[in-house]
Amino acid sequence: MSDQSLEQRAAQAKQQLDAHVRECVEWHFNPATGCDYWLNKAKKLDFDPLKDVKCFDDIKKFPHFEDDDLRGGPVERWIPRGLKDKPAYVFETGGTTGLPKSRVVMEDHWIDYEIFSETLPDEHFPKGANWLMLGPSGPRRLRLAVEHLCQVRGGICFCVDLDPRWVVKLLKKGKMQEANDYAEHVIDQALTILGGGHNIQCAFMTPKLLEKLAMKLIDQGSSIRQKGIKGIFCGGTELNQQWYRFCHEELLDGAYIAPTYGNTLMGLACGKPFDPADNYKISYYAPQPRAVVEIVDFKDYNKVVGYGETGRVKLYTFTKELFIPGFMERDEGEREKPFNKFPWDGVSGTRPFHEIAKSTVVGVY
Amino acid sequence: MLEIPVIRFGKTYDSMSKEPVVHFETGETLAQMHQANGGLVKMDLRKAKNAREALRSFAPEALIEMCKKAADLYLEGTLPLGDGKQSPAEFVRIQSATTGLPEHMCASNMRKNAFVLKNMDKVLDALTRGLPLDILTKGYGIEGRGVTVSYQANSPVLGLVLPSNSPGVHTLWLPAIPLQVGLMMKPGSSEPWTPYRMYEAFAQAGIPREAFAIYPGPHDVGGALLEGCGRVMIFGSQQTIQQHAGNPRVSVHGPGFSKLILGDDVVDDWEKYLDIMVDSVFLNSGRSCINASGIWVSRHSREIADAIAKRLGPVAPLSPTDPKATLAAFCIPGAAKAINEQIENHLQTPGATEVTASYRGGPRHIPQERCDYLRPTIVHCESADHPLANTEYMFPFASVVECPQSEMVGRIGSTLVCTAITHDEKFKRQLLDATNIDRLNIGEVKTLSLNWLQPHEGNIIDFLFRERAFQDAPPPAH
């Protein structure tokens with residue numbers, strides 16, 4: 001495809017985003033359909049979202065979203081009136097100490113993962129195959145989302161319990177051995193499932209657990225691939241270029257890895273499919289127009305950096321269930337150019353934001 | 001600018017992830033360190049046995065000879081480093097430029113490392129108490145007194161999580177190589193120089209490269225070494241010490257809280273010992289765990305504090321290239337400021353006075369564009385109860401504490417090096433029996449004057465090897 005056609009596709013995507021944003025703002029700031037939180041917030045704004053937001057760029061009139069607002073109850077303040085009759089889930093993020101941040105969801109986690117499913121290569125994630133989910137469970141959305149992904153693709157998902165808050169507590173207390181014992185406990189369960197004749201060919205795993213499982217299998221004279229797993233969907237900021245290469249060269253024995261980037265607020269950004277020419281660089285693209293990723297200047301969060309330049313990750317969510325007009329993620333990375341499959345900006349090299357990196361415990365599970 | 005790869009048991013590995021090592025004054029990038037990841041270390045641990053096997057293909061005596069050759073190469077050779085080469089002068093310059101230690105101190109640390117390598121036969125003879133070293137290779141044998149003994153290596157490799165700011169500590173792990181134990185090292189982010197140079201010196205002296213792995217990298221690299229190596233030496237803070245306390249797999253080295261004590265029988269002649277006190281506090285820029293951070297006496301504490309302060313108070317930072325430079329820079333942003341604030345906060349508690357202030361003619365904390373200095377600080381503590389009575393900071397800082405001799409051993413707390421100047425036999429006995437003291441000097445010995453024939457924070461032989469029973473014939477009838 002020529003540059004011109006990419007430009008056209010990018011322009012189309014921009015138009016689609018602008019229209020989607022208008023529609024989303026109309027929904028969230030309409031007293032009949034919006035939620036209490038945003039309807040109350042609108043009274044304190046010095047502009048009228050319904051009149052003054054006509055495109056994505058107008059979203060920058062909103063102050064940055066403070067995720068601390070998501071802590072505590074009543075969580076009903078987040079439920080759009082237009083969806084009040086739908087069954088609601090509440091998913092939590094953080095919460096090792098103190099109140100976790102809560103997000104109320106009806107169907108977004110399903111929709112996000114259905115869209116993600118479209119990006120997975122069938123040869124590595126065969127339709128109808130069963131899945132193993134080896135990641136955080138409990139109040140996290142990941143377990144239900146991965147299970148839905150598997151079901152959408154015609155499989156059944158086998159899950160293992162994992163409580164990351166407990167692992168963070170152990171690490172903060174310096175109880176490394178106990179943290180390792182817990183990881184072993186998780187891996188043992190995974191091995192039992194994999195050995196149970198369940199036709200598991202796909203998996204979600206966190207990088208740390210993937211590493212542990214792969215090495216345990218290597219020690220047993222086997223491998224992830226030999227155990228039948230063809231494709232692994234994996235996420236986390238510790239999934240960097242070097243680790244990605246290490247996985248390909250030493251850990252996976254030919255199994256495919258689909259890196260992803262996301263959080264409870266935004267959903268799931270897809271990785272650009274593996275291409276040897278990229279030299280293991282991992283670039284993520286948000287599921288536009290439902291979510292947008294920008295890389296912004298460290299000193300001016302409304303200024304997008306140039307392509308290839310480094311900045312802080314800024315996320316936007318525009319679904320009927322949630323409106324987030326610019327949230328400063330705890331990560332940084334480089335701005336990536338659009339490409340044919342995702343004709344909008346992406347991000348590569350995601351890593352903890354350098355100003356808070358030292359106080360953040362990442363990749364605990 | 002140098003590009004320095006990861007070393008995986010002798011094989012170079014170019015990582016996709018690199019971190020710059022910068023000059024602490026100019027900010028210039030001096031090298032790009034290729035970064036390992038924890039998984040890489042864990043994969044390599046599966047081949048750790050080969051490192052010991054490679055070393056066991058040489059007799060310990062041959063390895064000792066190679067260590068002596070390595071000492072010369074390390075001290076005088078121009079050795080490969082990453083995609084470049086490095087002369088001894090370049091080594092000193094770059095180590096100073098990234099650690100903040102004055103160049104002449106880097107050169108002195110270099111000589112110290114070379115001395116231990118050069119005298120490895122004597123070091124091992126002392127630490128093994130004369131054990132024929134082939135017993136360690138073979139696993140058993142007959143000692144000179146005709147007794148069968150057996151030693152088993154606790155691990156084929158020694159994991160090392162090395163510090164960034166103390167190039168003098170490397171002497172501690174050097175004996176591992178002639179003991180036929182491989183090395184898996186995580187160098188400090190600002191001081192990769194010694195491990196890489198030592199590796200090249202060893203290799204060029206004939207020691208198999210397969211015995212060495214060097215993994216510059218983030219914290220998870222250290223975590224992987226701690227998790228996977230049967231024996232690990234780690235250098236860190238008091239928090240690190242507490243975290244690994246009681247773990248027999250980990251030899252942890254951190255603050256020393258070293259002390260110099262004058263007994264009641266000599267304290268009236270304290271002026272005679274002033275040089276020893278000043279040097280113990282001040283040499284190597286007070287950066288080492290073996291620098292005295294406390295001078296404990298039962299009387300004359302104010303005069304002693306004043307006399308030390310008079311010597312150290314005027315000392316000011318000089319360029320690290322200046323042969324007269326005595327102060328090391330703090331290269332980690334915010335560290336010096338935080339230490340300074342902590343000292344000031346503690347001084348708010350009644351019972352302590354900073355004595356250096358009147359001799360310094362300026363503030364303790366000297367912030368510069370890219371680094372900071374802390375000027376020498378001597379605090380007088382009226383009693384051992386004051387929070388500054390038992391503290392350690394990485395610059396020339398010491399508290400002169402007034403404490404009755406009868407209470408000293410109980411009050412000094414955990415002490416890495418204790419120099420006690422006394423002729424009082426009863427006091428000497430108390431000191432000899434004190435389990436809170438690691439290295440004990442009784443006499444006029446500066447706390448930094450280490451004899452390498454003595455064990456340091458435990459004997460490395462006992463750490464790396466397990467002595468066990470072995471019989472190849474029935475015992476005599478009994």
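Student: Let's start with chain A. How many strands form the open sheet there, and in what order?
Tutor: Keep in mind that this is a predicted model. The open sheet of chain A has 11 strands, in the order β4-β3-β5-β6-β7-β8-β9-β13-β12-β11-β10, and its pairing is mixed.

Student: Which are the edge strands?
Tutor: β4 (157-159) and β10 (291-296) of chain A, each of which pairs on one side only.

Student: And the twist from one strand to the next? What does it average?
Tutor: The average is 35 degrees from strand to strand.

Student: Take β7 and β8 of chain A. Do they run parallel or antiparallel?
Tutor: Antiparallel: four bridges join β7 (residues 256-263) to β8 (residues 267-271) of chain A. As one pair to look at, Gly262(A) has Leu268(A) in β8(A) as its bridge partner.

Student: What holds strands together in a sheet, in general?
Tutor: Backbone hydrogen bonds pair the strands, in either a parallel or an antiparallel way.

Student: On to helices. At what angle do the axes of α7(A) and α8(A) cross?
Tutor: They cross at roughly 60 degrees, and the axes come within 10 Å. α7(A) is therefore oblique to α8(A).

Student: Is that crossing left-handed or right-handed?
Tutor: α7(A) passes α8(A) in a right-handed crossing.

Student: Which residues meet there?
Tutor: From α7(A), Ala183(A), Val186(A), Ile187(A), Ala190(A) and Leu191(A). They meet Leu209(A), Lys212(A), Leu213(A) and Lys216(A) of α8(A). By class, this contact of α7(A) with α8(A) has seven nonpolar and two charged residues, with no polar ones.

Student: Now the two chains together. How many residues of chain A are in contact with chain B?
Tutor: 14 residues of chain A, in contact with 12 residues of chain B.

Student: Which elements of chain A give two or more residues to that side?
Tutor: α7 (176-194), α8 (207-219) and α9 (241-251) of chain A. The most comes from α9(A), with seven residues.

Student: What classes are on that side?
Tutor: The side of chain A that touches chain B has six nonpolar, five polar and three charged residues.

Student: Let's move to chain B. What domains does it have?
Tutor: The domain assignment gives domain 1 (2-254 + 457-468) and domain 2 (258-442) of chain B. Taken over C-alpha atoms, the centres of these two domains are separated by 31 Å.

Student: How many residues are in contact between domain 1 and domain 2 of chain B?
Tutor: 18 residues of domain 1 are in contact with 18 residues of domain 2. On the domain 1 side, the elements that give two or more residues are α4 (88-99) and α5 of chain B. α5(B) gives the most to that side, with three residues.

Student: And the classes on the domain 1 side?
Tutor: Four nonpolar, 11 polar and three charged residues make up the side of domain 1 that touches domain 2 in chain B.

Student: You mentioned α5(B). Where do its axis and that of α3(B) come, and at what angle do they cross?
Tutor: The axes of α3 (residues 60-76) and α5 (residues 103-118) of chain B come within 7 Å and cross at roughly 165 degrees. The two helices are therefore roughly antiparallel to each other. α3(B) passes α5(B) in a left-handed crossing.

Student: Which residues make that contact?
Tutor: Among them are Cys67(B), Ala71(B) and Tyr74(B) of α3(B), and Met110(B), Ala114(B) and Leu117(B) of α5(B). By class, the contact of α3(B) with α5(B) has eight nonpolar, one polar and three charged residues.

Student: Last topic: what is the strand order in the three-stranded open sheet of chain B?
Tutor: The order is β1-β5-β4 (chain B), with mixed pairing. β1 (2-4) and β4 (18-22) of chain B are the edge strands. The twist averages 25 degrees from one strand to the next.

Student: How is the pairing with β5(B) made on each side?
Tutor: Three bridges join β1(B) to β5 (residues 29-34) of chain B, and these strands run parallel. Leu2(B) stands opposite Ala31(B), and Ile4(B) has Met33(B) as its bridge partner. β4(B) is joined to β5(B) by five bridges, and that pair runs antiparallel. There, Pro20(B) stands opposite Gln32(B).

Student: What about the hairpin of β4(B) and β5(B)? Which residue takes a positive phi?
Tutor: Gly27(B), with a phi near 80 degrees; the hairpin has six residues between the strands.

Technical notes:
Residues numbered from 1 in each chain as written. Chains lettered and ligands numbered in written order. Predicted model: local features only at pLDDT ≥ 70, side-chain atom pairs only at ≥ 80, totals over all residues. Axes fitted to C-alpha atoms, helices over the stretch in contact; angles between N-to-C directions. Parallel < 35°, antiparallel > 145°, perpendicular 65-115°, else oblique. Left-handed = near helix turned anticlockwise from the far one by under 90°. Contact = placed C-beta atoms within 7 Å. Nonpolar A, V, L, I, M, F, W, Y, C, P; charged D, E, K, R; others polar. Pairing = 2+ DSSP bridges. Domains from an automatic or database assignment.
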